[in-house]
Amino acid sequence: MLRAFTYGALIFLSAMFILPFYWTFITAVKSVSELYQYPPVFWPSDVQWENFITAWFKQPFDVYFKNSAIVVVMSTIGQLFSSSLVAYGFARFHFKGRDVIFIILLATMMIPWDVKMIPLYMEFNMLGWINTLKPLIVPAYFAEAFFVFLLRQYIMTVPIEIDEAARMDGANSWQIYWRIHLPLMMPALVLVGTFHFMNAWNDYLGPLIFLNDQSKYTLTLGLSMFKGLHETDITSIAAITVLLCIPPLILFFFAQRYIMDGAIGSSVKG
Amino acid sequence: MSGVYDRQYQRQKFVEKLTPYLFISPWILGFFFFTLGPLVFSFVMSFYDWPVVGDREFIGTQNYEVMLTQDPLFWDSLWVTIKFGLFFVPFNIVLGLLLAVLLNQKVIGSGIFRTIFYLPSVISGVALVTIWAWIYSHEYGILNFLLGLAGIQGPNWLGDPNWALLAIVVASLWGLGGTMLILLTGLQSIPKELYEAAKMSGVPGWARLIFITIPMLSPMLLFTFITSIIAAFQQLTIALLLTGGGPLESTYFFAMYIYDNAFKHFEMGYAAANSWVMFLIILALSMMVMKSSSAWVYYEGEMKKGGNKDA
């Protein structure tokens, strides 16, 4: 009885979570005649794959894609490097003020972005960074609290004897970080990289505030522009939406194991 | 000679002391440039009339006075955000918990279900909005078609002030995968023996949920409670793109009010004051939740002392 209820509920809820995706996908590939048909067509008879290409050339999406790619790749590299470095510092050294600094680091996660948004805009404006990709890339090179926390938890599970043995053999702290901990951290780095990739790829408010010129737009801005330009061009909007969803979905499928384990690891070892 | 060694020793000592700070220096620098600096800057700005171009002028607490006494939009947008939070926060936690409890049973394909529930959390806010705009569409939307099958005449979801906020709540709840994942992790760390012992003593299933699961999960529930409140207050992307604050400002969120003051009206000082009010409200709410948590959060390995001295 209970099992039947469990499966029934799971299947029903899954349908609710999947249906919007499916609906968007078939909207993207429908022909014009089926698009506005009523009752709605759930299984298009005439699948138009070329809708994706048509939509892509309605705006300079290759430029947007290039910008998104630059932001995502450059900032992910910075995030992985800086967060792991800081995490190693917190996990493996005793120094004055460490615990206080670490608590401050955790507390920064609570600060709403809205409070920082306005002064950051002024700051980047003074630096002459408005309408460049820098505001979306540079901060990633200064470590993010959540990722530092995650990686620190991971490093703490590695026996300290490994560090000590390496030090005996004459390795310095940098070498221990670079040669031992970085490779050992790989699963956690995949997790951090995936989360950061998704945040950067999906970011809308950052580009919206810091970029003005269409030649600097990222994909999310381009898609939102679509709404204004061709409000009725549902097919193209749906097609670009589908394309925008693909990279994070692919990445998620590959990194899934790490995400689930990571969520478990960070809470149990907390 | 010994002086050289001494100096060398001292230098080595100094380097050793400095090393950890070098490792954490990226975050320290980032903290000053991208967190503390902006915070202080924004606090100072909130006491100024500070346009983007032109002269700024110190005006004391006038921004705060105007906001609280002369700007009806401040109260209206705050009320919209509170209404949103009153729906979003409980549903986010209860539905997240429901999904987590369902997945925590030994079900076949639980990995697949878990992935499905997490999928919407992976996509962007802009994509999510375009998907839901099409679902809610008055004429062609699939939602009203499905309701029609059940004989219900669906409203114009995004065009009706009575329904637009609820529509945004539902669209936001689609992304509750993160909450589910956190609660699921919490569930998996509850010792199985507790349930077995209760089962043997004949405790029924619903009672096991209330007297074992909920208390054991309470630290995680506290965490999701606070993060949901913060998420509710920061709600901007979905409303900005789905309804633009309308109809009749029924979805004009507090975050949108800040955004408009800063980047539409270019009143940077006023917007900074707005954002500090938001920060203080979030802080106060989080503190209240934390304070109350000693009464309802159970930490394993912490013995309850007799009586309720702190309460």
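The legends below describe close-up views of a predicted model.

**View 1. The contact between chain B and chain A.** In this predicted model, 65 residues of chain B are in contact with 67 residues of chain A. Helix H1 of chain B, residues 2-45, supplies 17 residues, the largest share of the side of chain B that touches chain A. Sorted by class, that side of chain B holds 48 nonpolar and 17 polar residues, and no charged ones.

View 2. The largest nonpolar core contains 137 residues, of which Val148(A), Leu151(A) and Leu242(B) touch the most other members. Helix H4 of chain A, residues 61-92, gives the most to this core, contributing 11 residues. Around Leu242(B), and setting aside residues up to four places away in sequence, the residues touched are Val129(B), Trp132(B), Ala133(B), Leu158(B), Ile168(B) and Ala171(B).

**View 3. Helix H6 of chain A packed against helix H13 of chain B.** The axes of H6(A), residues 113-126, and H13(B), residues 268-296, come within 8 Å and cross at roughly 150 degrees, and the two helices are therefore roughly antiparallel to each other. Their crossing is left-handed. From H6(A), the residues Asp114(A), Val115(A), Ile118(A) and Met122(A) meet a set in H13(B) made up of Met268(B), Ala271(B), Ala272(B), Ser275(B), Trp276(B), Met278(B) and Phe279(B). The residues of this contact comprise nine nonpolar, one polar and one charged.

**View 4. Helices H3 and H10 within chain B.** Here the axes of H3(B), residues 72-104, and H10(B), residues 205-234, come within 9 Å and cross at roughly 145 degrees, and the crossing is right-handed. On the H3(B) side the contact involves Thr81(B), Phe84(B), Gly85(B), Phe88(B), Val89(B), Asn92(B), Ile93(B) and Gly96(B), which meet Leu221(B), Thr224(B), Phe225(B), Ser228(B), Ile229(B), Ala232(B) and Phe233(B) of H10(B). By class, nine residues of this contact are nonpolar and six are polar, while no charged residue takes part.

View 5. Apart from neighbours within four places in sequence, Thr237(B) is in contact with residues of both chains, namely Tyr204(A), Leu205(A) and Gly125(B). The C-alpha atom of Thr237(B) is separated by 8.8 Å from that of Met256(B), a residue 19 places away along the chain.

**View 6. Two loop residues of chain A with positive phi.** Asn131(A) is placed in the loop between H6 and helix H7 (134-137) of chain A, and its phi is near 70 degrees, a positive value in a residue other than glycine. With 15 other C-beta atoms within 10 Å, Asn131(A) is partly exposed. Ala143(A), in the loop between H7 and helix H8 (145-156) of chain A, likewise is a residue other than glycine with a positive phi, near 60 degrees. Ala143(A) counts as buried, having 29 C-beta neighbours inside 10 Å.

Conventions
Residues are numbered from 1 along each chain as its sequence is written. Chains are lettered from A and ligands numbered from 1 in the order in which they are written. This is a predicted model: local features need pLDDT of at least 70, side-chain atom pairs count only at pLDDT 80 or more; totals for chains, interfaces and linings use all residues. Two residues are in contact if their C-beta atoms, placed from the backbone, lie within 7 Å. Helices (H or I, at least four residues) and strands (E, at least two) are DSSP runs, numbered from the N terminus. Ala, Val, Leu, Ile, Met, Phe, Trp, Tyr, Cys and Pro count as nonpolar, Asp, Glu, Lys and Arg as charged, and the others, Gly among them, as polar. A nonpolar core is a set of buried Ala, Val, Leu, Ile, Met, Phe, Trp, Tyr and Cys residues joined through C-beta atoms within 7 Å. A residue is buried if 20 or more other C-beta atoms lie within 10 Å of its own, exposed if 12 or fewer, and partly exposed in between; C-beta atoms are placed from the backbone. Axes are lines fitted to C-alpha atoms, for helices over the stretch in contact, and angles run from 0 to 180 degrees between N-to-C directions. Angles under 35 degrees count as roughly parallel, over 145 as roughly antiparallel, 65 to 115 as roughly perpendicular and the rest as oblique. A crossing is left-handed if the near helix is turned anticlockwise from the far one by less than a right angle, and right-handed if clockwise.
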